[in-house]
Amino acid sequence: MPENNVNSKISPIVSIADVYQAFGKNRVIKGISLDVAKGEVICLIGPSGSGKSTLLRCINGLIPIDAGSIKVKDMEVHDPKLDKLELRKMVGMVFQQYNLFPHKTALENIMMAPIHVLKQDAKEIKERAYDLMKKVRLEGKEDEYPGELSGGQQQRVAIARSLAMNPEVMLFDEVTAALDPETVKEVLITIRDLAEEGMTCLLVTHEMGFAKELADHMYFTENGVIVEHGPPKEFFESPKDPRTQEFLGQIL
Amino acid sequence: MFKRKIKKFKIPLNPKHELAVLLSSRSSLDPAPLKDQKGRQPILARLRKVHLVWLISIFSVSAFAAEVTGGVDQPSLIKTIFLWTPFLLKGFGFNLLISFISMAIGTLLGAVLGVFQISLFLPVRLSSKILTQFFRNSPWLVLLFYCMFMLPFEITIGGFIIPFPDWIKAVIGLSLPVMANVSEIIRGAINSIPSGQWESAESLAFTRRQQIWLIILPQCYKRMLPPWMNLYSILTMATVLASIVGVEEVMSLAGQVLAADGRPELLVPIYSFVLAWFFIYCYPIAKLTLRLEKKYALKT
């Protein structure tokens, strides 16, 4: 099993080692290892069904793994004794379908978790929520319900909602896949801002141009294994594995 | 040919919904007029205005017949009915009281049972499922009889004697199926919430309890209201079952009126008179339910 230590600095913030996962008989992840250093941006690409989204969900414990280990900072994610809430405070996740709470306004969506989970002071949270709305360039939309916002706007609220927990790692699961082409850009700009601020990001994406520009390291997965990985320049310009070549040929 | 065309129609359902009894007879996506409903009537038919027309015609025909067959020496039919109205209304009020209390008890218990049905703890989930299915699939009358004969007429707790009159037993008997149906309404509504809502709530570090109370259930209320109201009107109409087990509600009083007057020709007019009250009470509820269903169907 090759170790993917090319990019890992002294102590990785996310460390995935030889992970296996299956839904019943359907084996989704068949031995994936990768390390993510603090502040790094990792992009996972690959055909659908190759286990990318599942891997992200394993990192914050939404899906249990069958073998291997996933470590976030010093927490062993699939240790049954682990306080999952502590893990999820540290790892934020944004979904393809936004999944905003439709019965709450944009601002309330952002404030809910800090109020009920972190139990912080409401006034302070409100200020922070306004700041976050500004950060995702949605000033003035605070009191609108998700149903009144466009897809891109909803997705940015979802990013702000996740950021309100002050996570150290952000997981993005095909966050632009459900969006209109015009609104994809505004979401990508938000993610780029975040990455430039030094947030550790793991992205599953089909936006190759974006990945090329932003990623520190690319991973190509197929059939539950990492077929090829490397810095974006090499990865896109001279892919070695024929499967990567074929996939990139189809997409680019 | 027309009929065959209609049969092809399927009521668009969320496959996760399993509220067979409580479905609307008209789907919100289908603006077809009411008369096109043949062939896809659900188990429960909704009250319609045309029912009132039938009622009135039955009432007038039978009243006329009673007028003709009745002797000259007897007071007129309208007068007789008018005389008995306060007496009958008292019984009807009792029906409504039974329906209110049964609905309240059934809703409270059903809410607990419904949430238990999605418990992560297998024994709780399983037992609440069995309980729900048992009471949902038993005839209401049988449950009523059970309560009548299984419950004692009084309970003694530490020297205090708490009487258990028949009508309270009837309330308990009726609240059991209501409980089971409410439980299913809640389970169905919870299942109709997209799984992404659970996922995002979980990834925001909400506890399971917070996920249910802060995120999932608040989205369910709107979806639950129409079937819940529908259930209430079914319950109201079912309260007359209590007459069979001897509770003095409107049906048994109507029977007493007939017995007292000894005029068999009054039978149809009096019963249609009582029927009309139920119609007048339940029809607006059915109408409002439909309107709410349409309104909520537009947004999700």
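Analyst: Two strands pair if DSSP finds at least two bridges between them. The model discussed here is a predicted one.

User: What makes β4 and β5 of chain A a pair?

Analyst: Strand β4(A), residues 67-72, and β5(A) share 2 bridges. At least two are needed, so β4(A) and β5(A) count as paired. The sense of the pairing is antiparallel. In this region A:V72 stands opposite A:M75, a residue of β5(A).

User: What is the order of strands in the open sheet of chain A?

Analyst: The order is β2-β1-β4-β5, 4 strands with antiparallel pairing.

User: Why are β2 and β5 of chain A called edge strands?

Analyst: Each of them pairs on one side only. In chain A, β2 covers residues 26-36 and β5 covers residues 75-76. As for what joins such strands, those of a sheet pair through backbone hydrogen bonds, either parallel or antiparallel.

User: Why are A:K73 and A:E168 said to form a salt bridge?

Analyst: The rule asks for a side-chain nitrogen of Lys or Arg within 4 Å of a carboxyl oxygen of Asp or Glu. For A:K73 and A:E168 the N to O distance is 3.1 Å. That value is within 4 Å, so the pair is called a salt bridge. In general, side chains of opposite charge can pair when their charged atoms come close.

User: How do you know whether A:K73 is buried, partly exposed or exposed?

Analyst: Under 20% relative accessible area is buried, over 50% is exposed, and values in between are partly exposed. A:K73 has 41%, so it counts as partly exposed. A:E168, with 24%, is partly exposed by this rule too.

User: What makes A:E196 and A:R192 a salt bridge?

Analyst: Their closest N and O atoms are 3.9 Å apart, and the limit is 4 Å. The pair therefore meets the rule. Both residues lie in helix α6(A), residues 181-196, where they are 4 residues apart, about one turn of the helix.

User: Why is A:E196 put in its class of exposure?

Analyst: A:E196 has 59% relative accessibility, which is over 50%, so it is called exposed.

User: Why is B:T80 called buried rather than exposed?

Analyst: Its relative accessible area is 5%, under the 20% cut-off, so B:T80 is buried. B:T80 lies in helix α3(B), residues 77-116. Leaving aside residues up to four places away in sequence, B:T80 touches B:P75, B:D261, B:R263 and B:L266.

User: How many residues of chain A and chain B are in contact with each other?

Analyst: 22 residues of chain A are in contact with 16 residues of chain B. The two chains bury about 1,700 Å² between them, 64% of it on carbon and sulfur atoms. On the side of chain A, A:R88, A:F101 and A:H103 lose the most area to chain B, together 29% of what that side buries.

User: What makes A:R88 and B:E202 a salt bridge?

Analyst: The closest N and O atoms of A:R88 and B:E202 are 3.2 Å apart. This is within 4 Å, so the contact qualifies. The count between the two chains is 2 salt bridges, and the rule for polar contacts finds 7 residue pairs across the interface.

User: Which element of chain A gives the most to the side that touches chain B?

Analyst: That element is α3(A), with 4 residues. By class, this side of chain A has 12 nonpolar, 5 polar and 5 charged residues.

Key:
Residues numbered from 1 in each chain as written. Chains lettered and ligands numbered in written order. Predicted model: local features only at pLDDT ≥ 70, side-chain atom pairs only at ≥ 80, totals over all residues. Heavy atoms only, no water. Contact = heavy atoms within 4.5 Å. Buried area = accessible area lost by both parts, 1.4 Å probe. Polar contact = N/O pair within 3.5 Å; in protein donor to acceptor, adjacent residues only side chain to side chain. Nonpolar A, V, L, I, M, F, W, Y, C, P; charged D, E, K, R; others polar. Buried < 20%, exposed > 50% of the residue type's maximum accessible area, 1.4 Å probe, protein only.
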